[in-house]
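Subject: the structure, plus notes

Hi,

Here is the structure I promised to pass on.

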Amino acid sequence: MSILLTDAWYWLCISMAIFLLTAFIMGRQSRYFYTMDVVPRQFSITDLQLPSCQKELVNLIKGIYTMPAANRQQTLRALRGQLWVDFLFMPAAYGSIFLVCMKVASKMNPAGTLLFSILAWLQLLCWLCDIVENIYLLQKISPNVSESTKTVHRAYQLLEIIKWGFSLLATVCGLSALLFFWVTGNFAVSSLHYLLIIVGEIVVFIALQKLPTREPSPAT
């Protein structure tokens with residue numbers, strides 16, 4: 001662990017690069033997400049992750065299978081592909097949050113060190129919840145999809161609360177603390193070089209969003 005913390009900035013640059021690359025791929029895939037809801041409409045992965053009830057998730061998936069064959073296959077291929085790419089996205093995303101929190105923890109007093117260490121290790125729980133979520137959704141994507149029981153649906157909602165709650169809390173706290181330390185000069189100037197690398201990665205990511213892509217086939 002000491003070796004990991006010593007090279008934390010280096011590993012953070014790598015994990016951020018993977019995070020942004022997989023996010024780019026997943027963003028391209030999401031352009032092909034369509035379901036039939038009286039008329040064809042686009043949906044996002046969060047519609048599957050955060051359904052208000054069992055029926056909403058089932059209706060969305062059934063709507064995919066009522067699309068014309070070409071559109072259906074396009075959506076299913078993109079949706080399953082995104083869920084599989086997400087398995088690469090997860091370690092990069094939660095790993096980046098982990099590294100930020102552990103780096104901040106090394107600069108804190110004992111209470112702060114404990115707090116940020118807990119936030120860092122909680123990312124393993126978030127990662128586990130995300131894995132279970134993806135497996136659940138991959139099993140649900142079927143023409144014969146049926147509603148889950150209330151107990152299963154509540155458990156699924158709890159997974160989402162844990163995943164989003166702890167990851168967002170750690171991200172906000174970690175980035176806020178990093179900014180504070182940089183502003184007050186509590187990080188070595190050399191660490192700013194890594195910050196510039198990460199900013200460069202983000203700039204490349206934004207530039208890639210401007211690349212043309214094949215438009216989804218219109219639903220008929």
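Below is what I found, going from the whole chain down to single residues.

Some housekeeping first: this is a predicted model, so local features need pLDDT of at least 70 and side-chain atom pairs count only at pLDDT 80 or more, while totals for chains, interfaces and linings use all residues. Residues are numbered from 1 along each chain as its sequence is written, and side-chain values use heavy atoms, with hydrogens and water left out.

**The whole chain**

The protein chain has eight helices and two strands. Both are DSSP runs numbered from the N terminus: helices are H or I with at least four residues, strands are E with at least two. Starting at the N terminus, the order of elements is α-α-β-β-α-α-α-α-α-α. The C-alpha trace spans about 60 × 45 × 25 Å along its principal axes. Of the 220 residues, 41% are buried; here buried means under 20% relative accessible area, exposed means over 50%, and partly exposed is in between (1.4 Å probe, protein chains only). Looking at contacts (heavy atoms within 4.5 Å) with a separation of 6 or more, 79% come from residues 24 or more positions apart.

**What the record says**

UniProt, in an unreviewed entry, puts "transmembrane region" at residues 6-26, 83-105, 111-132, 164-185 and 191-208. Those positions are in the numbering used here, the feature names are shortened, and annotations may be inferred rather than shown by experiment. In the model, residues 83-105 are 100% helix and 0% strand, with end C-alpha atoms 32 Å apart. The span 191-208 is also 100% helix and 0% strand, and its end C-alpha atoms lie 26 Å apart.

Two packed helices are described by the angle between their axes and the distance between the axes. The axes are lines fitted to C-alpha atoms, for helices over the stretch in contact, and the angles run from 0 to 180 degrees between N-to-C directions.

Helix α5 (residues 69-105) packs on helix α6 (residues 110-140) at about 175°, and their axes are 8 Å apart. That makes the pair roughly antiparallel; the classes are roughly parallel under 35 degrees, roughly antiparallel over 145, roughly perpendicular from 65 to 115, and oblique for the rest. The contact of α5 with α6 involves 22 nonpolar, four polar and three charged residues. For those classes, Ala, Val, Leu, Ile, Met, Phe, Trp, Tyr, Cys and Pro are nonpolar, Asp, Glu, Lys and Arg are charged, and the others, Gly among them, are polar.

Helix α7 (residues 150-184) meets α5 at about 45°, with axes 9 Å apart, so these two are oblique to each other. On the α5 side the contact uses Tyr 94, Ile 97, Val 100, Cys 101 and Val 104, while the α7 residues include Lys 163, Ser 167, Ala 170 and Phe 181. By class, the contact of α5 with α7 has 10 nonpolar, three polar and one charged residues.

**Residues to click on**

Ile 97 sits in α5 and is buried at 14% relative accessibility. Beyond four places in sequence, Ile 97 contacts Gln 123, Ser 167, Ala 170 and Thr 171.

Gln 123 is in α6. Is Gln 123 buried or exposed? Gln 123 is buried, with a relative accessible area of 1%. Not counting residues up to four places away, Gln 123 touches Tyr 94, Ile 97, Phe 98, Phe 166, Ser 167 and Ala 170.

In strand β2 (residues 39-42) you will find Arg 41, which is partly exposed at 32%. With residues up to four places away left out, Arg 41 touches Phe 33, Tyr 34, Thr 35, Asp 47 and Leu 60.

Most residues other than glycine have a negative phi. Val 38 has a positive phi of about 70° although it is not a glycine. Val 38 is in the loop between β1 (34-37) and β2, and is exposed at 80% relative accessibility.

Lastly, Gly 200 is in helix α8 (residues 191-208) and is partly exposed, at 30%.

Cheers
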